Structure formats: C-alpha cells, structure tokens
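Subject: Structure for your review

Dear colleague,

Please find below the structure that I am handing over to you. My findings follow it.

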Amino acid sequence: MLKELQLLLLVILLLLCGFLYQLTLKSSCYFCLPPDEFQQGPEALLGKGRIIVFLETSERVEPSPLVSCAVESAARVYPEQPVAFFMKGLSDSMQLPPNSTYTAFSLLSAIDNVFLFPLNMKRLFEDTPLFSWYTQINASAQRNWLYVSSDASRLATIWKYGGIYMDTDIISIRPIPEENFLAAQASQDSSNGVFGFLPHHSFLWECMENFVEHYNSDIWGNQGPILMTRMLRVWCKLKNFQEVSDFRCSNFSFLHPQRFYPISYPQWRRYYEVWDTDPSFKDSYGLHLWNYMNQEGRTVVRGSNTLVENLYRKHCPRTYRVLIQGPEGLVTGELGLGNE
C-alpha cells in the first residue's frame with residue numbers, strides 16, 4: 001500500500017513538473033508557435049486572418065512600459081486575432097537568454113494571442129517596390145533612418161499580410177470596424193501611425209512606389225504621414241469632416257481625427273495631467289500618445305491619478321501591475337524609436 005501511494009505521488013510530481021516546464025517555455029519563447037508552424041516562419045500565422053501589427057526598428061528587445069501597454073491593450077481589444085510584434089533586435093533563436101531580466105518581453109510573450117518575430121527587412125521587402133531601394137541604400141548615411149525604415153516596413157507588412165498597423169504608442173480602447181482605412185490626425189492630413197487594409201491593396205502598392213520615387217530622408221515625415229497625405233489626395237477629393245463622421249473614398253475610409261487623435265499633438269501633455277473627470281473617448285478606437293513629442297521625458301507615476309495612469313489601469317492592467325506598480329512607483333518616459 002505504501003509503495004502504491006509513493007508511486008502515485010511520483011506520477012503527480014512528474015505531471016506537475018511537466019506543466020511548470022511548459023509554462024516556463026511559454027513565458028520565455030519568442031514565437032510560441034507549434035514546431036511545424038515555426039519552421040515555416042511568421043507566414044504560417046499571419047496568413048490565417050486579420051492581424052494587428054507593431055514594429056520596433058531599433059535593436060531594442062526590451063519594450064518600454066508604453067510599448068507594452070500598446071501591445072497588451074490591442075491583444076485585449078482583439079482577443080481572437082493574432083497580435084504580431086516584429087522586432088529588429090530579435091534573432092532567429094526561440095529562447096530568451098538564461099536568467100533573462102527582460103520583464104516586459106516576458107510579459108508580452110505570456111499573452112496567448114501575442115507573437116514576437118524578428119524583423120528581417122530584406123526578406124520583408126522582397127516582391128515589393130521597396131526591395132531595390134533597400135538593397136541599394138546606405139542606411140548609415142540616412143537621416144531619420146529608424147523612422148524611415150519603420151515607414152517602409154509598415155507599408156510592406158500590411159500590403160503582404162493585410163491587417164491593422166499601429167504605432168507602439170497607441171493604446172487601443174475598442175475595435176476598429178473598418179477593414180480598409182486611413183486615420184486623419186487633422187482635417188485633411190493623414191497619419192501613418194495607424195492604418196488597415198486587406199492584403200495586396202493597390203493603394204499600399206502605389207504608396208510604396210511613391211515612397212521610392214519621392215524618397216528624401218532629410219525631411220522628417222516625408223516617407224510617412226506626408227506620403228500618406230499626398231497619396232490620399234491623389235485617390236480622393238478631400239473635404240472637411242462633418243461632425244464626427246468618417247469620409248468614404250473609393251474602397252476605403254478616411255477616419256475622423258477623433259478616432260485616434262482626440263488630443264492633438266500640441267496638447268500631448270494633457271495625457272500626463274490630472275483631469276477633474278476622465279474623458280470617455282466615446283468616439284475613439286484608440287489613443288495616440290504622441291510619444292515622439294515627449295522629449296522632456298514625462299513619466300507615469302503610480303498613484304498620481306493622471307490620465308495616462310488611469311488609461312494603463314483600465315486598458316493594460318497587466319503592464320500596469322508588473323511595470324508600474326513597482327517598489328519605486330516611478331517609470332521613466334523612455335522614448336520608443338518605432339513611434340512617430
């Protein structure tokens with residue numbers, strides 16, 4: 001009887017160890033795909049449906065709290081859709097280094113519908129108008145290269161796979177109902193910080209052609225929002241928005257500024273202030289926090305009751321709990337290089 005009890009306890013212990021091992025793998029793997037799908041690369045996942053895409057074009061592999069919040073909030077708003085985060089700093093290895101201190105990376109890896117992939121631009125640009133440009137250019141001689149390469153990568157990714165691209169300083173608050181769309185940041189000015197299209201949409205192909213034809217990295221935004229705006233004007237006869245209604249053009253929508261930019265860039269500090277009553281943002285799908293403007297390093301402070309702290313609490317609670325509610329209660333407003 002004693003031997004049988006010991007055998008039973010041993011079996012239970014082995015099962016428990018196996019469960020803990022699998023849990024450890026999930027918290028430390030880059031791709032978190034079944035082995036057969038991993039061998040095929042990200043295409044095995046991305047070809048299965050509408051995806052949400054984030055990019056990091058620096059070598060950084062540990063996301064800032066704002067980046068973590070952006071990815072987590074998207075995963076919560078779109079629980080049935082894969083959220084793909086492409087990071088240039090990742091290698092093709094599946095595992096984090098032993099004793100890794102990448103807290104945010106591990107946090108995001110543990111979310112079921114979040115997948116982290118290496119960003120290989122040369123491979124991404126194959127079969128697009130961007131390939132010859134990328135293989136001939138001297139990246140080290142370009143101004144604003146991190147932003148320019150991000151502008152190019154987002155166009156190619158959504159053209160190839162379809163889905164929604166978002167900057168890593170956008171907090172998602174409700175689903176976007178449109179399949180093909182651009183988002184206005186002002187009345188007749190398009191952002192390239194968030195947009196969505198079905199695969200192989202001709203608008204994005206023409207954007208990539210225009211990207212190469214009018215390439216000038218010395219002008220900040222020339223390959224991004226300025227490009228999107230000039231192409232939008234080719235495709236559409238723009239007019240001012242009426243109330244909070246979107247503008248329909250050809251086979252895509254131009255979304256009202258309230259959808260993502262209810263707080264305009266000259267007022268970006270409002271996110272870091274205490275409001276008498278937190279706004280509902282009832283007409284918005286997401287909130288662009290204008291992290292590029294935060295050159296003074298505004299911070300998220302635990303217990304400050306600022307608008308941004310309350311947004312973290314509500315829309316990315318895991319990020320808030322792990323990265324903000326630390327012993328010091330302070331997280332620096334570190335700039336994410338993939339944001340505009």
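What percentage of the 340 residues in the protein chain do the buried residues make up? In this predicted model, buried residues account for 52% of them. The protein chain contains 12 helices and 12 strands, and it exposes about 16000 Å², of which carbon and sulfur atoms supply 54%. Of the contacts between residues at least 6 apart in sequence, 77% join residues at least 24 apart.

The sheet

Eight strands make up an open sheet with mixed pairing, in the order β3-β2-β1-β4-β7-β6-β9-β8. Its edge strands are β3 (114–118) and β8 (247–249), each of which pairs on one side only. On average, and with direction ignored, neighbouring strands of this sheet are turned by 25° against each other.

Strands β1 (residues 52–56) and β2 (residues 83–87) pair in the parallel sense over five bridges. In this pair, Glu 56 stands opposite Met 87 of β2.

Strand β9 has partners on both sides. Three bridges join β9 to β6, and these two strands run parallel; here Leu 255 of β9 is the bridge partner of Ala 183. Three bridges also join β9 to β8, but that pair is antiparallel, with Phe 252 of β9 as the bridge partner of Cys 249. The hairpin of β8 and β9 has two residues between the strands, and Ser 250 takes a positive phi near 50° in it.

In a regular strand, side chains alternate between the two faces of the sheet. In β9, Phe 252 and Phe 254 point one way, whereas Ser 253 and Leu 255 point the other way; all are buried.

Helices against the sheet

Helix α4 (residues 65–77) lies across β1, β2 and β3, and runs at about 155° to β2. Helix α8 (residues 145–161) lies across β1, β2, β4 (163–166) and β7 (189–197), running at about 35° to β7.

Which residues of helix α10 (residues 225–235) are buried? They are Pro 225, Leu 227, Met 228, Thr 229, Met 231 and Leu 232. These buried residues pack against the helices α8 and α9 (202–213) and against the strands β6 (181–186), β7 and β9 (252–255).

Helices α11 and α12

The axes of helix α11 (residues 307–315) and helix α12 (residues 317–324) come within 5 Å and cross at roughly 120°. Because of this angle, α11 counts as oblique to α12. By class, their contact has four nonpolar, two polar and three charged residues. From α11, Glu 309, Tyr 312, Arg 313, Lys 314 and His 315 take part, and they meet Pro 317, Thr 319, Tyr 320 and Ile 324 of α12.

Gly 286

One residue deserves a separate note. Gly 286 belongs to strand β10 (residues 286–288). Is Gly 286 buried or exposed? Its relative accessibility is 0%, so Gly 286 counts as buried. Leaving aside residues up to four places away in sequence, Gly 286 touches Ile 170, Ile 171, Ser 172, Ile 173, Arg 259, Phe 260 and Pro 262. The C-alpha atoms of Gly 286 and Ser 73 are separated by 9.4 Å, although the two residues are 213 residues apart along the chain.

With kind regards

How values were computed:
Residues numbered from 1 in each chain as written. Predicted model: local features only at pLDDT ≥ 70, side-chain atom pairs only at ≥ 80, totals over all residues. Heavy atoms only, no water. Pairing = 2+ DSSP bridges. Helix = DSSP H or I, 4+ residues; strand = E, 2+ residues; numbered from the N terminus. Axes fitted to C-alpha atoms, helices over the stretch in contact; angles between N-to-C directions. Contact = heavy atoms within 4.5 Å. Buried < 20%, exposed > 50% of the residue type's maximum accessible area, 1.4 Å probe, protein only. Areas by Shrake-Rupley, 256 points an atom, 1.4 Å probe, with all protein chains shown as cover. Parallel < 35°, antiparallel > 145°, perpendicular 65-115°, else oblique. Nonpolar A, V, L, I, M, F, W, Y, C, P; charged D, E, K, R; others polar.
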